[in-house]
Amino acid sequence: MSSTKTLSIIQESHLLSSSFLLREVSIDCYYSSYFEPSDPISLLLINDGQDLRTMKFEEILNEMYAKDLIAPLFCVGIHCSTDRKNEYGTARVLDYKGRGAKALDYTAFVMEELLPFLRKTYQVTSFNEKAYAGFSLGGLSALDIAWNHPHEFTKVGVFSGSMWWRDKAQDDDDFDENEHRIMQRQVREGGYFPWMKFFFEVGTMDETADRNKNGLIDSIDDTNAVITELELKGYSLESDIHYLELKDGRHDVATWAQAFPSFLEWGWAKKSI
């Protein structure tokens, strides 16, 4: 008599006490029931991890594993705090309202508390690679952290990212979107790390605002501006950058759930032998 082990997704929750953020941080870990600490596996951190519960993330993973579409992946959803607009900004520059004041502390939590906790708790000496993803302002945070730690992260997923984040109000007389959008400027002034890959998703109904009246909603315009800066830096649209524009996609969990399988397959498609 033979038996077959059935694959399932294990979801475990933890509460981490952060000395940087001075609060407890809730995280959800998702991994295959086949996982063994000695197996090669990649890590994916995801901001706004509470949204993964809403999108039934374990079902998305389970379906992709069942179809043998992706390689083993250890996913960690980091729940946001009530002070989200301060923790999820850009670590080096505050926005024009002074938001993002705790982004540096949030980065320190991820790098100095969360990563060591995961290695110790799950007995993983080293991950194959580390990636970071997020939604909206959490997407800006993910890109900011990965961009400033290129020797730690290889891939970034930005869903409806807040690429409008700026250090001067748009109604100021001297506002210049090319100069005052923070992430675009950060890429322009940064280095080139050929191993990094970037995934951007935007919905055509993400918002209605069109700041410069060019016929494109700002979320698409601002995301395209980041992509342009990445291209000027040396990254290729063919091999390094993936842009997914969803017709009628909105700024909501349902749209991000629709896009997430494409991101997972883009980043960790099972290689045929």
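Predicted model: local features only at pLDDT ≥ 70, side-chain atom pairs only at ≥ 80, totals over all residues.
**View 1. Phe74 and Phe127 form a tilted pair.** A search of the whole structure finds 29 aromatic pairs. In this one, the ring centres of Phe74 and Phe127 are 6.4 Å apart. Their planes meet at 55°, so the pair counts as tilted. Phe74 belongs to strand S4 (residues 73–78). Phe127 sits in the loop between helix H4 (103–122) and strand S5 (130–135). The pair therefore ties together parts that are 53 residues apart in sequence. Both Phe74 and Phe127 are buried.

**View 2. Phe263 and Trp268 meet edge-to-face.** The ring centres of Phe263 and Trp268 lie 5.4 Å apart. Their planes stand at 90°, so this pair is edge-to-face. Phe263 and Trp268 are both buried.

**View 3. Aromatic residues form one cluster.** Its members are Tyr30, Phe57, Phe135, Phe159, Phe199, Trp256, Phe260, Phe263, Trp266 and Trp268.

**View 4. A charge sits over a ring.** The ring belongs to Tyr96, and the charged end belongs to Arg99. That end is 5.7 Å from the ring centre.

**View 5. Helix H9 has a kink.** H9 covers residues 253–268, 16 residues in total. From first C-alpha to last, H9 reaches 22 Å, close to the 22 Å expected at 1.5 Å a residue. Where does the kink lie? It lies at Ala259, shortly before the proline Pro261, and is about 30°. The buried residues of H9 include Trp256, Ala259, Phe260, Phe263 and Trp268.

How values were computed: Residues numbered from 1 in each chain as written. Heavy atoms only, no water. Phe/Tyr/Trp six-rings, centres within 6.5 Å; stacked < 30°, edge-to-face > 60°. Helix = DSSP H or I, 4+ residues; strand = E, 2+ residues; numbered from the N terminus. Buried < 20%, exposed > 50% of the residue type's maximum accessible area, 1.4 Å probe, protein only. Lys NZ or Arg CZ within 6 Å of the ring centre and 35° of its normal. Expected span 1.5 Å × (residues − 1). Bend = angle between axes of the 7 residues up to and from the residue.
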